[in-house]
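Hi everyone, thanks for coming. Let me put the model up on the screen, and then we can walk through it together.

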Amino acid sequence: MRDATGAVQSVLVLGANSDIASAFLAALADQRLSRAVLAVREPSAAADQVLALGELGVDARAVAYDATNVADHDRVLADAGDVDVVVVAFGVLGDPYDLSLSTEAVAELGAVNYVGGVAAAHASARHLVDQGHGSLVVLSSVAGARVRADNAVYGSTKAGLDGFVQGLSDAVHGTGVHVMIVRPGFVASKMTLGMEPAPFATTPDEVAADMVSGLAKGKAVVWSPAVLQAVFAGLKPLPAPLWRRLGR
Amino acid sequence: MPDAAGPRATKQQLLSGWGRATRSRAEVVVVSSKDDAHRTVSGAASVLARGLGRSYGDQATNAGGLVADLTGLDRPVGAVSASGRVTVPGGLSLDALLAQIVPQGWFVPVSPGTRYVTVGGAIAADIHGKNHHRDGAFCQHVESLELVIGDGSTLRCSPKENADVFWATAGGMGLTGVVVEARLMLKPIATSKLAVTTTRFVELDPLLEAMVRADAQAPTSVAWVDLMRSRSTRSVLTTGRFAEVAELPDAQQEDPLAYTPSQRVASPTRVPNGLLRSSTVRAFNEAWFRAAPKHRADELQTIARYYHPLDGVKNWNRLYGPQGFLQWQMVVPDNALGTLRTCIAELSAAPTPCFLAVLKRLGAANPAPLSFPLQGWTLAADMPAQARGLAPLLDRLDALVAEAGGRIYLAKDARLSPDMVPIMYPRLDEWRQVRAVVDPNNVFSSDLDRRLRLTC
Ligand SMILES: Cc1cc2nc3c(=O)[nH]c(=O)nc-3n(C[C@H](O)[C@H](O)[C@H](O)COP(=O)(O)OP(=O)(O)OC[C@H]3O[C@@H](n4cnc5c(N)ncnc54)[C@H](O)[C@@H]3O)c2cc1C
């Protein structure tokens with residue numbers, strides 16, 4: 001159970017092998033985390049993570065999960081049982097967008113990030129409402145705040161997912177379930193390896209720390225770093241010609 | 001829900017404790033007869049009794065399960081016997097009980113700092129009062145009780161009959177069953193007024209010495225301590241005894257047992273987070289300390305003013321804002337004075353805004369495995385739940401308390417590490433064994449139970 005200071009004891013992470021998810025798990029382990037279920041495509045690939053959490057005193061295990069397999073969401077949730085937090089952390093970045101991308105690649109990205117994300121968030125919210133408590137944390141991105149040409153598909157999937165979760169948050173209002181959207185900026189991680197860091201770049205550990213404090217405070221939206229909220233408030237109304245030039 | 005539900009209405013409700021820092025949803029059913037209690041427990045998969053919700057954390061919440069709201073089980077009590085025995089329903093509030101017994105010349109054997117607790121809640125927490133050093137905890141004044149156990153049947157227990165279940169229920173936080181009735185042993189009083197002696201201290205040592213002396217001299221005592229100053233610890237010690245008729249002013253002698261607890265003013269319902277920050281709390285503590293006399297002997301005070309000063313403000317817990325607050329209450333044995341000093345020093349040095357803390361002497365422990373009191377010192381402090389650095393600070397203090405052979409009060413806790421429980425309550429296993437007999441299917445459960453892993 002979540003305690004009065006906001007520390008949680010159990011977590012299910014859907015897409016647990018991202019750098020942000022790993023850092024988040026480590027940060028929770030620093031508090032009261034005692035049980036973690038790591039839902040990943042290939043459980044054997046999470047063996048090291050499970051081991052590391054075990055060393056921190058967390059009873060962790062990895063379970064097979066494919067976000068594009070509709071039946072997997074409910075199965076993994078039922079298997080995890082009562083949990084204080086569910087994190088929807090999976091997502092693929094894909095290649096930089098241009099018209100030469102295959103139609104299949106574009107559809108695939110939409111299927112994982114958007115269709116998978118919406119289904120996962122929906123199933124998780126229902127699970128938490130049924131158990132009578134808990135927080136749902138969904139990893140969105142500033143890429144969805146205003147979609148750029150070079151990440152048009154990724155950005156749009158996050159925009160769509162973010163929008164769904166805003167509505168979901170209102171839908172579960174009053175049930176005792178807390179929904180939190182996380183909008184990290186450019187995160188130096190294996191996902192962005194080899195890319196040119198954007199302004200206000202951050203690290204998985206910093207994002208994880210912002211998530212932990214947002215969770216404790218019961219925030220609805222966490223921008224990470226926090227300054228991005230103001231930055232995007234300025235960027236969103238920017239005229240298209242200017243925005244296009246910035247994107248380059 | 002069993003279909004024998006009859007007229008009982010249930011509704012989904014978000015519940016929290018007095019600290020309002022965590023909440024969970026449960027199906028709430030109002031219990032207004034013993035029969036209701038039987039029917040609610042039989043066939044339930046997960047159920048918990050709830051009284052007036054004055055425990056601070058997740059003691060009286062049960063996420064996703066059933067919560068039996070016992071406050072409907074509150075019919076007036078019958079006559080008090082000549083020896084002070086009275087049978088009371090489990091959901092009766094001490095507020096209602098006092099209104100019925102004080103005019104007859106009786107007082108509750110133990111009173112907490114608020115009269116808005118139920119008899120069942122008082123038993124489930126085995127509460128202690130300002131008289132613990134003399135009279136022990138609440139359950140030492142319970143002659144017998146009726147408990148609805150896991151299979152829905154009723155078990156009578158007392159220190160003589162099913163004694164293990166009786167003591168497991170005392171301080172058992174509702175996890176052994178639902179207390180539907182209890183026979184209490186009341187204390188005779190000649191008047192409804194207390195003769196109160198107040199003394200102000202600007203250093204800790206003279207206070208501690210005065211408190212030890214008060215053990216032998218005064219039937220009740222408590223000190224309010226200012227934890228907002230790191231240099232010296234100032235405090236106000238009050239000791240009191242019920243006054244004799246001859247001590248009352250002439251006008252009051254005609255009706256020495258008159259009892260009319262004051263009407264309550266309400267706190268504003270919408271309060272921003274952070275209203276009670278260090279600066280405002282410091283100013284409040286200052287004003288309150290200045291208001292106390294340096295020394296005043298035998299001032300006459302009402303029961304409400306002496307025992308339940310906070311009840312004057314309705315919903316004062318809302319002053320902490322939507323993120324809520326918590327209370328950290330520990331006890332350390334007499335020989336751990338050093339730990340007490342360290343706790344006071346650390347809390348005083350921390351930036352955490354600490355409202356007036358309460359320091360009390362406790363007497364000997366009773367046979368209940370999960371009862372909180374033990375011979376020594378208890379310190380209780382309220383703090384905003386989201387105060388910076390609070391979690392690691394309290395974890396550190398918990399470790400010191402445990403090392404000294406002390407413990408944290410389960411009725412107040414909202415953040416203890418489950419690993420601490422078996423250390424602080426070394427008889428936990430014994431309690432679990434008795435509990436398993438009255439509730440083999442783990443029907444009774446609470447969020448506290450899940451957080452602290454009490455039952456397993
Ligand atoms: C301002 C204030 C001052 C306080 N001062 C003191 C004090 O001086 N000393 C002290 O010891 N405590 C003190 N307390 C704590 C309080 O006395 C206990 O938490 C008590 O248990 C609250 O009773 P309740 O009826 O509100 O119970 P709830 O908070 O509703 O429930 C508390 C526990 O009791 C169980 N329970 C309730 N009714 C029953 C029943 N009929 N059968 C079985 N289990 C039941 C619940 O399951 C839960 O585990 C104080 C609290 C406040 C808010």
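How many residues of chain B are in contact with chain A, and how many of chain A with chain B? The count is 23 residues of chain B against 19 residues of chain A, where contact means heavy atoms within 4.5 Å.

Some housekeeping before I go on. This is a predicted model, in which local features need pLDDT of at least 70 and side-chain atom pairs count only at pLDDT 80 or more, while totals for chains, interfaces and linings use all residues. Residues are numbered from 1 along each chain as its sequence is written, chains are lettered from A and ligands numbered from 1 in the order in which they are written, and side-chain values use heavy atoms, leaving out hydrogens and water.

Back to the two chains. Together, chain B and chain A bury about 1700 Å², with 51% of it on carbon and sulfur atoms; buried area here is the accessible area (1.4 Å probe) that two parts lose on being put together, summed over both. On the chain B side, Arg25(B), Gln386(B) and Arg451(B) supply 29% of the area buried against chain A, more than any other three residues.

Now let's look inside chain B. It is divided into domain 1 (74-188) and domain 2 (193-423), with bounds from an automatic or database domain assignment. Their C-alpha centres lie 23 Å apart. Across that boundary, 30 residues of domain 1 of chain B are in contact with 38 of domain 2 of chain B, and the two domains bury about 2800 Å² between them, 59% of it from carbon and sulfur atoms. Within domain 1 of chain B, the residues losing the most area to domain 2 are Arg115(B), Lys130(B) and His133(B), together 27% of what that side buries.

A shell of 33 residues surrounds it, and the closest are Ala49(B), Arg54(B), Ser55(B), Thr118(B) and His128(B); a residue belongs here if one of its heavy atoms lies within 4 Å. Both domains of chain B take part, each giving at least three residues to the shell.

For Tyr409(B), a polar side-chain atom lies 2.8 Å from a ligand oxygen.

Methods: A polar contact is a pair of N or O atoms within 3.5 Å; within protein, one must be able to donate a hydrogen and the other to accept it, and residues adjacent in sequence count only if both atoms are side-chain atoms.
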